[in-house]
Amino acid sequence: MSDSQIWQDAAENIHWYQRPTRLLDDSNPPFYRWYPDGVTNACYNAVDIHVEQGRGEQLAVIYDSPVTRSRRTYTYSQLLLEVARFAGVLASQGVGKGDRVILYMPMVPEALIAMLACARIGAIHSVVFGGFASNELAVRIDDATPRVVVSASCGVEPNRIVAYKPLLDQAIELATHKPDQCIILQRPMQEATLQPGRDLDWEEAMADAEPAACVPVGANDPLYILYTSGTTGQPKGVVRDTGGSIVSLKWSMKNIYNVDPGEVYWAASDVGWVVGHSYIVYGPLFNGNTTLIYEGKPVGTPDPGAFWRVIDEHKVKVMFTAPTAFRAIRKEDPEGKYLDKYDHSGLRALFLAGERCDPNTLEWAREKLQVPVIDHWWQTETGWSICANCLGIEQLPIVPGSPARAVPGYDVQVLDRDGSPVAPGEIGALVIKSPLPPGTFTTLWNAEDRYVKAYFSRYPGYYETGDAGYIDDNGYVFVMARTDDVINVAGHRLSTGAMEEVLADHPDVAECAVIGIADKLKGQLPLGLLVLNAGVNRDPGAIVAEVIQQVRDRIGPVAAFKHCAVVSRLPKTRSGKILRGTMRSIADGEPWKMPATIDDPAIMDEISAVLDSMALQADAG
Ligand code: COA
Ligand code: AMP
């Protein structure tokens, strides 16, 4: 079947207030528009439709929180009531179609309710991951200029309570744009002080709320903005439209994940990431599944059997997480003894994404769970997978190390530096021929030029993924590394450029570099090198401790920036470019050659010694 036919047919499976008469507007590349004259609503397709079609009593959401020892469930009818009422709360605060609402929430059902409530009234949500600090939140507040921020008094990490409200207050103080209102969910673990006139209590607001109806929106109206790391400290606001998202996510639930309505589908991620948007909230609900909100970790909450307990108790049929979660479990329970305590026989498949999946982890998971373990490749920008073994179409042989073949709708190719196709097996830039399929990003918020420049200018006619890799003779794609300064730490996408900006702000630092080094658990870890200003004679250890704290305060604990050292100079080419690639190879213990263009080869002895000892420290930590 042709791609056009697939997206034509898939559009028949969703609810439209006004059916699109055109499939694709390609008049203004690279700004392609799917279903340009369709009118729909994402909340209606996620919730109301199921109640109307008789699924009202089925569970829509299971909340399982080992960190607070609590559980809650919502049927589709109950979810509809909550969402409609919270939509009413937002509307009563003046939020309407096209307004932005920032959500800074832990993994509680209210996060999903708030997202759907925004979609219900045509407002654009932007969820900020709870592990980001005030400064990152402030940058997003200034860029998205929300009318309202929805947050909670706290998040719960296994080792501490994270008070969100002071972080939010500080972010609003730092930001130039001031939201009119904040709506705060008080959690009993740590309540927050509310600011009269600005802050509303979630429960009180809900008690008086009038339910709001769904507002029909254009297929190309934005559903949400999700910020992701680019090469600089200014994150990219990925914009996803409404119609394409509903069509593609619903299609993917059957064709990629092979789950049917009524089955329990679990993405163990966070609503702050794209996986959470697509596969905790929208995809499973569009498809009439039961979704799981899990507030816990793979290990330590309380033990490495946590995932198996959830699979058993909630009858999970298909699960999705990042390889790092399985590396964490394997590290604590290499023989899989905890599996014997639970019944996981109902699980049909495990999907992994977010970072390169090392073949050992894949094999271990396959051996222990005895189900297909499917590596699939995707990005915040695409919103759903570019390459996958589509279980609902035809299961292909699993080749560890490869996310299998391009999914229908994606024409994946490998180009060399000059933009020419390379032979099978040869590494180059992974690109996708335009147009991208429905549900992928339509622009960057407030940054149309950056959208074109960052993704579509280097290889005209193609989307540049920022990943490098190759395609073998069988069409299997191998994603090997990023081509930019983005690193992947525990499945979280981070910018080394943003960390360098923070280090460079320290008054004693003259120059710095941050590189991603290989880590057995988290895939990669950031490592910083500092050159101090001439004349600084303070204890280098103290300066290192200060910059580590600075990254935690400015970017957040999620940056996991714990390894840093002072060196006398950075290795550079004669034209002044820092030799990050060479340093990475040394830290990872890979063979390396002295670059012919290096300005001062003598510096490499010092750099090698520092990197070797830091890589050992990272390994031990
Ligand atoms: N709010 C506040 N802080 C948070 C947070 C949140 N939502 N999420 C993480 N953090 C903090 C952690 O507490 C930790 O702080 P610390 O330095 O004080 O210990 C720090 O951010 C780093 O977190 P993380 O990288 O997640 O490391 P971890 O050691 O807590 O856990 C794993 C490691 C592998 C268990 C964990 O990363 C995990 O479960 N990953 C699963 C995969 C996943 O969710 N991927 C997302 C995309 S699919
Ligand atoms: P994010 O936007 O946070 O989802 O991160 C996207 C990036 O994670 C991709 O560009 C890849 O570098 C990496 N990634 C995601 N999934 C995979 C995968 N299955 N294999 C290799 N890399 C992956």
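Trainee: Is Ala490 buried or exposed?
Mentor: This is a predicted model, in which local features need pLDDT of at least 70, side-chain atom pairs count only at pLDDT 80 or more, and totals for chains, interfaces and linings use all residues. Residues are numbered from 1 along each chain as its sequence is written, chains are lettered from A and ligands numbered from 1 in the order in which they are written, and side-chain values use heavy atoms, with hydrogens and water left out. Buried means under 20% relative accessible area, exposed over 50%, and partly exposed in between (1.4 Å probe, protein chains only). Ala490 has a relative accessible area of 17%, so Ala490 is buried.

Trainee: Where is Ala490 found, and what is its phi?
Mentor: Helices (H or I, at least four residues) and strands (E, at least two) are DSSP runs, numbered from the N terminus. Ala490 is in the loop between strand E26 (residues 486-489) and strand E27 (residues 492-495). Although Ala490 is not a glycine, its phi is positive, at about 55°.

Trainee: What is the relative accessible area of Tyr35?
Mentor: Tyr35 sits in the loop between E2 and strand E3 (39-40). It is not a glycine, yet Tyr35 has a positive phi of about 50°. Tyr35 counts as buried because its relative accessible area is 1%.

Trainee: Which residue does a cis peptide bond join to Ser434?
Mentor: Omega of this bond is about 0°.

Trainee: Which residues are in contact with Thr443, leaving aside its neighbours within four places in sequence?
Mentor: Thr443 belongs to strand E23 (residues 441-444). With a relative accessible area of 11%, Thr443 is buried. Contact means heavy atoms within 4.5 Å. On that basis the partners are Phe31, Gly237, Val238, Val239, Glu448 and Tyr451.

Trainee: Why is H4 largely enclosed by the rest of the structure?
Mentor: The expected span of a helix is 1.5 Å times one less than its number of residues. For the twelve residues of H4 this gives 16 Å, and the end C-alpha atoms are 16 Å apart, which agrees. The buried residues of H4 include Glu110 and Arg120. H4 is largely enclosed because the number of its twelve residues that are buried is twelve.

Trainee: How are H4 and H9 oriented to each other?
Mentor: Axes are lines fitted to C-alpha atoms, for helices over the stretch in contact, and angles run from 0 to 180 degrees between N-to-C directions. The axes of H4 (residues 109-120) and H9 (residues 274-286) come within 11 Å and cross at roughly 60°. Angles under 35 degrees count as roughly parallel, over 145 as roughly antiparallel, 65 to 115 as roughly perpendicular and the rest as oblique. H4 and H9 are therefore oblique.

Trainee: Which residues of H9 make the contact with H4?
Mentor: On the H4 side the contact is made by Leu112, Met115, Leu116 and Ala119. On the H9 side the residues are His277, Ile280, Val281, Tyr282 and Leu285.

Trainee: How far apart are the C-alpha atoms of Leu249 and Leu285?
Mentor: Leu249 lies in helix H8 (residues 242-255) and is buried at 6% relative accessibility. Leu249 and Leu285 are 36 residues apart along the chain, and their C-alpha atoms are separated by 9.7 Å.
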